[in-house]
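This report describes the fold, the surface and selected ring interactions of one protein model. The sequence and structure are shown below.

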Amino acid sequence: MSKPETEKILGIDLGTTNSAAAIMEAGRPLVIPSGEGQTAAGKMFPSVVAFTKDGQMIVGEPAKRQAATNAEGTIQEIKRKMGSDYKVTVYGKQYTPQQISAHSPTNIGVHTPEDQTRH
């Protein structure tokens with residue numbers, strides 16, 4: 001059974017340091033830039049989540065940029081602890097690696113090239 005020409009395959013790499021998304025187009029992978037646009041890691045986005053003292057969550061490049069001024073609220077490389085009983089405490093609240101990792105893809109705002117032309 002052949003696939004319709006408009007069907008696209010989405011691949012997501014939730015890496016420890018950086019994450020990325022790509023689609024297959026004309027038989028070749030096309031990396032989708034994050035909603036933040038081009039970052040220091042190219043089209044990938046940092047796998048970093050931060051919380052401010054007032055409870056605001058920041059993800060990706062903005063979280064990485066504020067790490068020096070908010071080290072206590074910034075979580076990096078948490079995916080190395082996936083599958084363990086490890087918990088991180090941030091401003092009095094405990095989180096599992098799975099809880100923190102779930103925020104990267106849902107809050108980064110990955111957009112397809114078609115979405116970008118609509119803005």
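How many aromatic pairs does a search of the whole structure find? The search, carried out on a predicted model, finds one aromatic pair.

## The aromatic pair

A pair of aromatic rings is described by the distance of the centres and the angle of the planes. Here the partners are Phe51 and Tyr95, whose rings are stacked, with 4.9 Å centre to centre and 10° between the planes. Phe51 belongs to strand S5 (residues 48–51) and Tyr95 to strand S9 (residues 93–95), so the pair ties together parts of the chain that are 44 residues apart in sequence.

Are these two residues buried or exposed? Both Phe51 and Tyr95 are buried.

## A charge over a ring

Another ring, that of Tyr86, has a lysine over its face. The residue concerned is Lys81, at 5.0 Å from the ring centre.

## Secondary structure

The protein chain contains nine strands and four helices. In sequence order, these elements follow the pattern β-β-β-β-β-β-α-β-β-β-α-α-α.

## Contacts, burial and surface

Of the contacts in the protein chain between residues at least 6 apart in sequence, 45% join residues at least 24 apart.

The protein chain has 119 residues, of which 34% are buried.

Conventions
Residues numbered from 1 in each chain as written. Predicted model: local features only at pLDDT ≥ 70, side-chain atom pairs only at ≥ 80, totals over all residues. Heavy atoms only, no water. Helix = DSSP H or I, 4+ residues; strand = E, 2+ residues; numbered from the N terminus. Buried < 20%, exposed > 50% of the residue type's maximum accessible area, 1.4 Å probe, protein only. Contact = heavy atoms within 4.5 Å. Phe/Tyr/Trp six-rings, centres within 6.5 Å; stacked < 30°, edge-to-face > 60°. Lys NZ or Arg CZ within 6 Å of the ring centre and 35° of its normal.
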